[in-house]
Structure formats: C-alpha cells, structure tokens
Amino acid sequence: MFIRKNDPLKRIWHIWIRRWLVFTFSYLWTVGPTAFCQDAATISWKPVTQDTSGQMETEPVYYHIYCDTIPGFSPGMNNYLAATTDTEYVHTDPRLADPNTDLFYIVKAVDFWGNQSASSDTVGETGFVLASVRIFLESPYHADGDTMSTMFRDENLLPLETPYAEAARAVTEMPVDVTDWVWLQLRDPDTHMVVAQESFLLKKDGMVTELDGVNQQLGFTGIDAGDYELIVRHRNHLAVMARPVLHFDDNTAALYDFSADSSAYYGKDATKELENGVWGLWAGDISQDGLISDDDYESWRLASQQGKTGYQEQDLNFDGIINTKDYLIWYRARLSGVAGKVP
Ligand SMILES: [Ca+2]
Ligand SMILES: [Ca+2]
C-alpha cells in the first residue's frame, strides 16, 4: 500500500515504549498528508499517557522525531529532526515534493527524566520492505581472511554512481571496505515481473549495505509486504536467485546468507564453491545475458586489445588490468559449462 502526500491518514502502526526495562505499553501513530502542500507532511501519533508501571504520566512527555531517506534507518544524532510535546508534527521539506526521494520517520517518546522509549515503527511517503543479504563474488574473493578485494575503492576507481542504470543511485563519498556495487531485485513469484529493485554496496565481508556502508537493512520502496523472489545481480558475474520464495515486510529483516550454503541458491550449480563451505557467484558473464559464452570472450578480447584499465566489466579478477588472468577465469567457467539459473 502506498501513502501519498495527498491521501488521507490511512495506516496505524503499533509501537512499544520501553522504560526502566521492566514493563512495556503501546501507543499508535500515523503519518499522513497536509491537505494542500506537496512539500509538507503531517506525522501524528497517539499520546503516551501511562508510564511503564501503568501509572498515569503526570509530567510532560516529549516526542523526538527522526527523519531519513533510507527506510531501514536507525534513529540517531545524524537524522534527528525535532522534539515536541504535541502529538503531531508538520514537516516541511523540499524533498517531500521530489518524486525521486522518499522520506521516512521514526518517533521516540522521552519522559521528564530523560528515559527514552524504544523506536516506533517506521512510516514514510511510500510502502517499503526490508531485506538483509550476504553474498560473495568469485572474482575479488580471497580465501585468506575470507574477504573480498577493496582495490577499486582504495584506488579511487570505484564509481560514485552505480553501474546499473535500471537502479540509478549515487554516493557523494564511497565508504570504506566496499568491494563493488550490486543490484538486487524483488520479483512477483507468479508473474516473475520485477516489482522493486535497488543498487546497494557490497562490503568486503559479503554484507550488502545501504549507501552509508553501515546499514544492513536494505530498503525496497514502493511495494507492500509479501512473498517475493530475491535476485542478486553483479556486472560481470552470473546472477543468482534465492532458493525459496521469501517473505518480506517492514520489520527488521533476518539475514539471508548466500555465502554459507549452496542450498541458498535456486538451481543446480548456480553457485561456485570458493573454498570449503564458502559459496559465491560465478565470474565471467561480462555480457550479462546469463551465459558464459563467446560473447563474453569477444568483449574481453576487444578490451584487452584496446588496453582498457580501471573499473571495467572485462576485468574478471578485479586487478584493474585486462589480460590473460581474466581470460583464464572466463575459460574455466566456460569449461565447467555453468550458466545462470535465474528463470
Ligand atoms: Ca554472457
Ligand atoms: Ca584483470
């Protein structure tokens, strides 16, 4: 379900307030539009009236409001918006009128003595679901230390803009420990149509993160909770799909770990064993057609002849140079007869 700024208040979320760590109680809050202003939104919630021991609150309760562009954000100093003793807040921000940016909000209650509640659920301009994914790529993976190369990032070769035009996104500064960009898609399990997709950062330990390089709760906006196929794509590896259809919603997502088990992947031989018990994506699909074929070889050959360097899809071993080392990776994959298993 979408929330649009010109819709009436629609959704109600339950949250729990926790104080003194002994007792909890709930209140409700909603986010909704102001009637006439496209760059403003009204966030409202029901008041906290009881403390954690069930007594009436006699002192004023403050509500701290946090706002971010990432649905899975954690409230903190860097996204603190305002405090109020009211039970609603009108937020005016030009980003609310920007169709390419969605804002999300969290509220925490703070009592007279400074005790903070747990976070509310997140509400925002659009519906969203969260995912958490770990995955390794064959090319940059080093068995020593179980990590992937960050050479592109460390040599300032990693582009600030994602290479996946279908999921355009950019950072202003590349976080540390990033190996590359990856592209995740959610598909309807019946029609196999993509319902949401986004570019994310892949850290050297295999964790996929939001653009801050820290947040592992990956937001897909514009869709409601449901069962979806999860697909991971990378610019020169064979794409993979999670084996079961997974349930996604706006609660904190459990990790789906492609690196730990070959059964995490849909299809036989969809994954390569990088070392004992560690699984990753096959390198070599330079043309991104789901096959390891002569197309990929031709692309490598041309790039090699032209002496291309840096961040190139033909660079299959992630060293910034295109030479026979890359050819050998393609050749071994070709000999193995592997192909993408995403239907
Ligand atoms: Ca190919
Ligand atoms: Ca290379």
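Visitor: What is the relative accessible area of Leu-291?
Guide: In this predicted model, Leu-291 has a relative accessible area of 43%, which makes it partly exposed. Buried means under 20%, exposed over 50%, and partly exposed in between, using a 1.4 Å probe and protein chains only. Residues are numbered from 1 along each chain as its sequence is written, while chains are lettered from A and ligands numbered from 1 in the order in which they are written. Local features need pLDDT of at least 70 and side-chain atom pairs count only at pLDDT 80 or more, whereas totals for chains, interfaces and linings use all residues; side-chain values use heavy atoms, without hydrogens and water.

Visitor: And Asp-296, buried or exposed?
Guide: Asp-296 is buried, at 0% relative accessibility.

Visitor: Which protein donors does the calcium ion (ligand 1) have?
Guide: They are Asp-285 (OD), Ser-287 (OG), Asp-289 (OD), Leu-291 (O), Asp-296 (OD) and Asp-296 (OD), at 2.3 to 2.6 Å from the ion. Donors here are N, O and S atoms within 2.8 Å of the metal, or 3.2 Å for Na, K and Ca; water is not among the atoms, so sites may look incomplete. Along the sequence, the donor residues follow D-x1-S-x1-D-x1-L-x4-D.

Visitor: What angles occur among the six donor atoms of the calcium ion (ligand 1)?
Guide: The angles run from 52 to 168 degrees, and the site is irregular. Four donors are tetrahedral if all angles lie between 85 and 135 degrees; four are square planar and six octahedral if opposite donors are over 155 degrees apart and all others between 65 and 115; anything else is irregular.

Visitor: Which residues coordinate the calcium ion (ligand 2)?
Guide: Asp-315 (OD), Asn-317 (OD1), Asp-319 (OD), Ile-321 (O), Asp-326 (OD) and Asp-326 (OD) do so, at 2.2 to 2.6 Å. Their spacing is D-x1-N-x1-D-x1-I-x4-D. With angles of 52 to 164 degrees among its six donor atoms, this site is irregular. Asp-319 is partly exposed at 26% relative accessible area, and Asp-326 is buried at 0%.

Visitor: Changing topic, which residues have the most contacts inside the largest nonpolar core?
Guide: They are Trp-181, Leu-184, Phe-220, Leu-230 and Phe-258, in a core of 47 residues. A nonpolar core is a set of buried Ala, Val, Leu, Ile, Met, Phe, Trp, Tyr and Cys residues joined through side-chain atoms within 4.5 Å. Strand E12 (178-187) is one of the strands that each supply at least two residues, and E12 gives the most, with six. Apart from this core lies another of 14 residues, including Trp-45 and Leu-96.

Visitor: What does Phe-258 touch?
Guide: Among its contacts beyond four places in sequence are Val-133, Leu-230, Val-232, Val-240 and Trp-279. Contact means heavy atoms within 4.5 Å.

Visitor: How do E16 and E17 run?
Guide: They run antiparallel, joined by three bridges; strands pair if DSSP finds at least two bridges between them. Strands (E, at least two residues) and helices (H or I, at least four) are DSSP runs, numbered from the N terminus. A hairpin links E16 to E17 through two residues, and Val-232 stands opposite Val-240 in E17. Five of the five residues of E17 (residues 237-241) are buried, so E17 is largely enclosed by the rest of the structure.
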